[in-house]
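Trainee: Please show me how to read a protein model, one feature at a time.
Mentor: Gladly; let us look at it together.

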Amino acid sequence: FERWKYGMKQVIELHAQLHFGSHDYFEYYNSNDFNAKYDRVLYELLVDESLMDTTWSGDRILRPRSDGSPVLMASLQDQTTAQQYGLTCQVDVQNFSQPHWIHADYTRQELLQQTIQSNSASDSDSSLSQPRWAVASTITNLPGAEALTALLRPATPSTPLSSPVSRRLFSNLFWDGNSLATVLRGLLWLSLPSPELSVMVLDWSSILPRPTGGVSAIALPVLECLLTGNIQQARQLVFGQMVVNSERSGGNDQLLVKQRNENALTVVEHVLESQLYKKPAQQEEEEEEVRIALLYGGMHCADMTKRLQSMGFQRRSATNAYAWRTAWSVRVPNFGIQGTESSSSSSSSFAVAPEAIAVGLVVLPLYLAIGGADWIATLRDTAQSVETGNYFDAALEVVLYLARHVLLYVGLAKFVVDWDGATTTSNNLFGNNR
């Protein structure tokens, strides 16, 4: 993004970062190749205010240690998550205390205060002891909350638990779309084998706005990894899909996204103004330029883009508007998909080979056969329990059947179906305006 103001050309490069990735992905931001391109680097980081210093110009920086040792260390939970997927935590590699790096986020105390002011502080006392990613989570932490919600309403990246869902079915007929779809969902869960598939078709046809995607690009690679015993690669692919889904679903959060973005751009304006007094005098014919890198999570970038444009910044031409970096890559065995490496930094385009179609023709009937056998067994066992007066056992059979298939629905909705479309990755991150 760029604009002319104060007699100088101001360039903002917005970097959509992940908080987990390969070591090389984060080490790049410590390199001279990256830092030499910018006058200032502004970053997102929820950190304790005791670790910060304020410069004479009012910039807030992370205080470096005198012995040069790392200032920050990832929480045990973050480290455990990274180890599970063979990745690295951002704060364990990326050096936030470099000389021209400036903090452009709330401190943990400021975030807590904002939470209290937003009347959302039910867990505020315990939030200070939580890891950074947990404080910034937009997903309900109650065990089973996601599965329970999926039983009653669609579970897609565009319909997170914290937002209402709108549905329309058969032009609503004599009933509003949400009520009609809810009743049909309830009937489908118990009246058909493999009900998760029927419920997913109902959700796809009724949810507003209409889904634009299809089968997820990672569905077949994950299946291939599982069939060849590459469990770690399958986990990394699934984790990448979870990251993409969270970026799509959390971008409208008022406090964790929009207020922090507003605060970040306030810091941007302050830094740009301060550069007026730091730039050396130049000849009139020379073009004075200030370049700033803004490092923020991908979930923030669509709203950040709108705010930058409202400040008078214009996006560069489409030919050089985006540049992708690989956060981590997964080597997929060549078992039906022409291509061996899948990168989490961009959407992949795979050519489906006949072998992959054959796998689908085997897996889908097998899946339906197992679902049918499960449905028949549940009906038989429930009927026998009712006949012998064991009503508790009958209810337990139904509950366990629902639990199995709701969990299957959640898994399919997250990792097999791409509701929003894989071709809109750039638009999802940075908005639809070109």
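**Reading the model**

Mentor: Start with one residue. Ser97 is buried, at a relative accessible area of 17%. Buried means under 20% relative accessible area, exposed means over 50%, and partly exposed lies in between (1.4 Å probe, protein chains only). This is a predicted model: local features need pLDDT of at least 70, side-chain atom pairs count only at pLDDT 80 or more, and totals for chains, interfaces and linings use all residues. Residues are numbered from 1 along each chain as its sequence is written, and side-chain values use heavy atoms, with hydrogens and water left out.

Trainee: Where does Ser97 lie?
Mentor: Helices (H or I, at least four residues) and strands (E, at least two) are DSSP runs, numbered from the N terminus. Ser97 sits in the loop between α4 (90-93) and β8 (101-103).

Trainee: Which residues does Ser97 touch, not counting residues up to four places away in sequence?
Mentor: Contact means heavy atoms within 4.5 Å. With that sequence limit, Ser97 touches Leu62, Pro64 and Val71.

Trainee: With which side chain does the side chain of Ser97 make a polar contact?
Mentor: A polar contact is a pair of N or O atoms within 3.5 Å; within protein, one must be able to donate a hydrogen and the other to accept it, and residues adjacent in sequence count only if both atoms are side-chain atoms. Here the partner is the side chain of Asn95, at 2.8 Å.

Trainee: Now a helix. Which residues of α3 are buried?
Mentor: In helix α3 (residues 76-84), they are Asp78, Thr81 and Ala82. They cover an arc of only 100 degrees around the axis, so they lie on the same side of α3. The arc is taken from the directions from the helix axis to the C-beta atoms. Leu76 and Gln83, on the other side of α3, are exposed.

Trainee: What follows α3?
Mentor: Gly86 does, and its phi is positive, near 70 degrees.

Trainee: Is Arg210 in a helix or in a loop?
Mentor: Arg210 is in the loop between β10 (207-208) and β11 (214-215). Its relative accessible area is 42%, so Arg210 is partly exposed. Arg210 and Arg168 are 42 residues apart in sequence and 9.7 Å apart in space, C-alpha to C-alpha.

Trainee: And the chain as a whole: how many helices and strands are there?
Mentor: The protein chain has 17 helices and 17 strands. Of its 434 residues, 42% count as buried.
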